[in-house]
Amino acid sequence: MKHRARKRFGQNFLKDSLVLHRIVDVLQARPDDLLIEIGPGRGALTRLLVETGAELLLVELDRDLVEWLGRQLPSWIAQLNTGHRRPIELHNIDALKCDYGQLSGERPFRLVGNLPYNISTPLIFHLLETTDLVEDMHFMLQAEVVDRMAARPGGKTWGKLSVMCQYHCSVTPMFRVPPTAFSPQPRVESSFVRLVPHLKPPVQVGSLDALNRVVTQAFSQRRKTLRNSLKGCLDTGQIESVGLDPSVRPEMVGLEAFGALAQLMP
């Protein structure tokens with residue numbers, strides 16, 4: 001199709017057939033799955049997802065692409081070599097504003113997509129709010145974002161995204177993808193990642209709001225010591241009460257310790 005990628009939508013369309021088939025192999029979609037694809041774009045992955053026979057909900061913001069996909073879907077469905085047809089719906093929705101639980105009819109679902117790189121981090125935080133219905137998530141993202149999601153304490157990549165992702169999910173980087181796999185080519189390397197929501201939170205936090213507040217406060221001034229970055233929230237004695245040295249920087253504090261701090265938040 002003739003469609004110029006729009007920078008404001010963060011469009012870098014995946015075109016490499018080997019990478020697309022590798023995604024489908026990792027996903028292992030079944031006919032009884034409910035898949036929500038975010039950002040189907042030109043439909044390269046969508047067409048392969050249609051072939052799995054799964055129920056498919058497509059979330060796309062670009063109206064031109066929605067119109068084009070709407071014309072293509074009937075022929076893709078007709079080419080299936082099976083009589084088992086599940087519903088396929090196309091929704092012109094902003095992924096950042098979408099209520100995925102409502103979209104799925106409050107049914108469990110799986111998420112997949114080549115996420116728009118310009119909104120990837122806020123979109124991940126938005127999606128973490130719906131993990132009670134999510135079976136798993138498989139996304140193409142900037143490699144540095146995946147590195148931060150899967151990071152461990154003690155380095156510059158460890159931050160709020162790491163803590164919150166790992167509180168909600170197990171994070172497994174699957175494989176790296178070069179810029180040449182996309183059109184237009186991004187200036188960064190990409191990575192495909194799997195996130196599986198925990199059945200039970202890995203640590204006690206008191207409340208999710210408290211965890212979010214303490215982590216946000218700590219990493220808003222990550223070059224400062226924990227004593228200074230949490231000033232006004234927790235005092236030195238409270239920090240020491242959970243076995244932490246107040247002079248360390250937030251990047252040295254792991255998920256379990258942040259959970260303990262969260263339980264002390266007012």
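**Ground rules**

I number residues from 1 along each chain as its sequence is written, and I use heavy atoms for side-chain values, with hydrogens and water left out. The model is predicted, so I take local features at pLDDT of at least 70 and side-chain atom pairs only at pLDDT 80 or more, while totals for chains, interfaces and linings use all residues.

**Salt bridges**

I looked up salt bridges first. Side chains of opposite charge can pair when their charged atoms come close. I count a salt bridge when a side-chain nitrogen of Lys or Arg is within 4 Å of a carboxyl oxygen of Asp or Glu. The count is 11 salt bridges.

**E67 and R71**

I found a salt bridge between the side chains of E67 and R71, at 3.4 Å from N to O. Both residues lie in helix α3 (residues 63-78), 4 residues apart, or about one turn of the helix. I take helices (H or I, at least four residues) and strands (E, at least two) as DSSP runs, numbered from the N terminus. Are E67 and R71 buried or exposed? E67 is exposed, and R71 is exposed too. For these words I use relative accessible area: buried is under 20%, exposed is over 50%, and partly exposed is in between (1.4 Å probe, protein chains only).

**D147 and R176**

D147 forms a salt bridge with R176, and their closest N and O atoms are 2.8 Å apart. D147 is in helix α6 (residues 143-149) and R176 is in strand β7 (residues 169-177), so this pair ties together parts 29 residues apart in sequence. D147 is partly exposed at 33% relative accessibility, and R176 is partly exposed at 41%.

**R213 and D209**

I noted a salt bridge from R213 to D209, with the closest N and O atoms 3.0 Å apart. The two are 4 residues apart in helix α8 (residues 208-219), about one helical turn. R213 is partly exposed at 32% relative accessibility, and D209 is partly exposed at 47%. I also listed a network: salt bridges with shared partners join R30, D32, D33, R110 and D136.

**Aromatic rings**

I then turned to rings and found 4 aromatic pairs in the structure. One of them is W68 with W76: the ring centres are 6.2 Å apart and the planes are at 70°, so I logged the pair as edge-to-face. Rings of Phe, Tyr and Trp (its six-membered ring) pair if their centres lie within 6.5 Å; planes under 30 degrees apart are stacked, over 60 edge-to-face, and the rest tilted. W68 is buried at 15% relative accessibility, and W76 is buried at 7%.
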